[in-house]
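Let's take a friendly walk through a fold, starting with strands and moving on to helices. Please have the sequence and the 3D view open as you read.

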Amino acid sequence: MPAAYALAHLHGRSPHPDIIEYLERIQATLDPFHGRFVIHGGELEVVEGEWPGSVVLIEFPGGMTDARAWYASPAYQDILPLRTDHIGGVAVLVEGVDPGYDPLKRAEKLRSADPSGYAR
């Protein structure tokens with residue numbers, strides 16, 4: 001089973017005591033689901049396009065079931081407004097790939113389906 005991730009693109013940060021409280025409380029909401037921060041607003045270098053804001057990436061080794069359960073948990077829902085009331089952005093839950101993922105196999109699958117001219 002592949003890991004899953006909570007990915008947030010945050011922008012428009014405004015300093016507020018609620019943000020500090022959110023940061024103080026979020027890890028306790030992640031622990032029951034084995035969630036861990038992979039990226040938390042680190043240095044960002046845009047190499048294509050525009051990306052205003054920062055990135056947060058949280059990993060859930062147990063997959064989408066754990067990611068969904070964390071996000072819907074009463075503990076997380078209780079603190080969520082502490083962030084969303086003061087920082088804009090987009091958050092998604094996304095399934096990762098299995099270890100050993102090979103993009104060549106994905107290309108072969110797309111080419112064999114060939115609904116719109118993928119074949120050479």
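Predicted model: local features only at pLDDT ≥ 70, side-chain atom pairs only at ≥ 80, totals over all residues.

One detail to look up in the viewer is L10, whose bridge partner in β3 is S54. Zooming out, the open sheet has four strands in the order β2-β3-β1-β4, with antiparallel pairing. Its edge strands are β2 and β4, each of which pairs on one side only. From one strand to the next, the twist averages 15°.

Helix α2 packs on this sheet, where it touches β1, β3 and β4. The direction of α2 makes about 150° with that of β4.

**The helix pair**

| Helix | Residues |
|---|---|
| α1 | residues 17-30 |
| α2 | residues 64-72 |
| α3 | residues 74-84 |

Helices α1 and α3 pack at an angle of about 155°, and their axes are 8 Å apart. Angles over 145 degrees count as roughly antiparallel, so α1 and α3 are roughly antiparallel to each other. Their crossing is left-handed. Residues making the contact include I19, Y22 and I26 of α1, and Y76, I79 and L82 of α3. By class, this contact has eight nonpolar, one polar and five charged residues.

Technical notes: Residues numbered from 1 in each chain as written. Heavy atoms only, no water. Pairing = 2+ DSSP bridges. Helix = DSSP H or I, 4+ residues; strand = E, 2+ residues; numbered from the N terminus. Axes fitted to C-alpha atoms, helices over the stretch in contact; angles between N-to-C directions. Contact = heavy atoms within 4.5 Å. Parallel < 35°, antiparallel > 145°, perpendicular 65-115°, else oblique. Left-handed = near helix turned anticlockwise from the far one by under 90°. Nonpolar A, V, L, I, M, F, W, Y, C, P; charged D, E, K, R; others polar.
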